Structure formats: C-alpha cells, structure tokens
Amino acid sequence: MIRTLRGERLRVAGTESIGPYTLLRLDRGSLEPGDPGQFFMLEAPGRLLPRALSLCLAPPGELAFLADPVGPGTEALCALDAGDAIHVLGPLGNGFRLDVERPLLVGGGIGIAPLPYLAEALRFPPAVLGFRSELHAEAAVLLPGAEIAIDPTLVTELIPSGHSVLACGPEPMLHAVAARCPGAQLAWEAPMACGFGACYGCAVEIGGQLKRLCLEGPVLRAAA
C-alpha cells in the first residue's frame, strides 16, 4: 500500500511544564491528528534528524506533544517559544484499535504520552500509570482519575483481570504486560530517522521477527 505523506511547517502555540516533561502545543494547520497511537516526525532545531513523538492531545486547531528533555533533540523541542515554527510530518504508523470491550489504559513514564488522546477516543476508560518518582507522576494530571504506581511498585501490579489492555511504556514494562495480558495492544518505542520505512532504523526484534515500528507499528498485539 502506498501512503501519502503530508508535512507542514507549524507555529508553536505554547509550551507548559508538567513535572519533568514539556507539553508542546502546535497550531494544527492542515494536518490531521490521525488515530490514537500514531506519531509525527517533528523537526528538532539545530539537529540533523527529526524526533518521533506520539500525539498526546488534539484540542481544536492544535496538536500537542508530551516530550521528555533527555537528549539534544528533545531538549531543543522543549526549548521552543510561542511563535517559533518547525516542520512536522504525519500522522504516521499504525495506532490502537478502538473496537475493544472494557478497555484499560496502561502507561509507564513518558509512555503515557499517547494515552490522553486515546482516552478521549474511548470515552475515558480507567487507566493505571507507573512512574519512577512523585515528580514524574505529576504527568498523571493528563489522565484524571488514573490509578498511580510509583517505583518500587510496578504498574503491572495494578492491572485487574477482565480488561482489554492498551499500553505504552518502556520495553521491560511492555514485556511484563504481554506476559500478563496476551491479547494486549502494545505501543513500542524505538529511535526513528525517517518515519516511513526507508531507513530501517526503527527495526526491532519482537517475537523472533524484525518489525519496522514506523510501518508495522508502533502499536502491535502482544500475541504477535
């Protein structure tokens, strides 16, 4: 299948700190928000390659992304000011399936980024979130009512039975969720250079097979 890629230069509407993270709000322009779990490639000022970020929120006229300033690229994005402009490509990849019964959202750390937009699409189901510290847990404000686990408590300890789990977080957490919930939908993370399958930079081994997360993911079923 040939995909039409759409990119546009978008103006920064503003930024706000949420715990150690930054919520970057961009004027939407003509870009569509896409499906929950899809991602966009955002130009990182001063860096050669863009950064892949899942859409966090899609208020009218805006696209909002939650970024963790852990490297030069994400630091550059978090340092943007209102009125700045960056090139954005997307939406890309495959998102979450929404035709599920009794959904439960599970997030870990910056992996909670796509869950607020997903929660809105699913009419705000229950959520359990795990964080390394109380400072990081301040990001739970993006998912009001969520149950929170702070290290050393593991978020997988909070997952009740009988739910369709949709999860995003660090790889060890996703493996633990897959072991507990074989039918879960898991949003995987990997560095991405192009976002559309040309560079194979995001190929990871899952279940003994290489998957290009930008094309076959980032959301995959645990059983796969």
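Modeller: Let me start with His136, which counts as buried at 13% relative accessibility. Please keep in mind that this is a predicted model.

Colleague: What makes 13% enough for the word "buried" at His136?

Modeller: Buried means under 20% relative accessible area. His136 has 13%, so it falls under that cut-off and counts as buried.

Colleague: Where is His136 placed, and which residues does it touch?

Modeller: His136 sits in the loop between S8 and S9. Leaving aside residues up to four places away in sequence, His136 touches Pro20, Tyr21 and Phe131. To count as a contact, heavy atoms must lie within 4.5 Å.

Colleague: How much of the protein is buried?

Modeller: Buried residues account for 49% of the 224 residues. The protein has three helices and 14 strands.

Colleague: Which strands close into a barrel, and in what order?

Modeller: Six strands do, in the order S1-S2-S5-S4-S3-S6, with antiparallel pairing. On average, neighbouring strands of this sheet are turned by 45° against each other, direction ignored.

Colleague: How do you know that S1 and S6 pair?

Modeller: Two strands pair if there are at least two bridges between them. Strand S1 (residues 7-18) and strand S6 (residues 85-92) are joined by five bridges, so they count as paired, and they run antiparallel. Leu10 stands opposite Ile86 in S6.

Colleague: What joins S2 to S1 and to S5?

Modeller: Six bridges join S1 to S2, again antiparallel, and Glu16 has Leu23 in S2 as its bridge partner. In the hairpin of S1 and S2, two residues lie between the strands, and Gly19 takes a positive phi near 60°. Strand S2 (residues 21-27) also pairs with strand S5 (residues 62-67) over six antiparallel bridges, where Arg25 stands opposite Ala64 in S5.

Colleague: Why are S9 and S14 said to stand at the edges of their sheet?

Modeller: That open sheet has six strands in the order S9-S8-S7-S10-S11-S14, with mixed pairing. Strand S9 (147-150) and strand S14 (219-221) each have a single partner strand, so one side of each is left without a neighbour in the sheet. The twist from one strand to the next averages 20°.

Colleague: What makes S7 and S8 a pair in that sheet?

Modeller: Strand S7 (residues 103-108) and strand S8 (residues 127-131) are joined by four bridges and run parallel. The cut-off is at least two bridges, so S7 and S8 count as paired. Val106 has Val128 in S8 as its bridge partner.

Colleague: Which strands does helix H3 lie across?

Modeller: Helix H3 (residues 171-180) lies across S7, strand S10 (164-168) and strand S11 (185-187), and runs at about 170° to S10.

Colleague: What lines the second largest pocket?

Modeller: Its lining has 19 residues, and Gly108, Gly109, Gly130, Phe131 and Pro170 lie nearest the centre. S8 and H3 are the elements that give two or more residues to the lining, and H3 gives the most, with three residues. The space in the second largest pocket is about 350 Å³.

Colleague: How does the lining of the second largest pocket divide by class?

Modeller: The lining has 10 nonpolar, six polar and three charged residues.

Definitions and conventions
Residues numbered from 1 in each chain as written. Predicted model: local features only at pLDDT ≥ 70, side-chain atom pairs only at ≥ 80, totals over all residues. Heavy atoms only, no water. Axes fitted to C-alpha atoms, helices over the stretch in contact; angles between N-to-C directions. 1 Å grid on protein atoms, 1.4 Å probe; cavity = no way out; pocket = protein on both sides within 12 Å on 5 of 7 lines; lining within 4 Å. Points joined across faces, edges and corners; volume = space filled by probe spheres on them. Nonpolar A, V, L, I, M, F, W, Y, C, P; charged D, E, K, R; others polar. Buried < 20%, exposed > 50% of the residue type's maximum accessible area, 1.4 Å probe, protein only.
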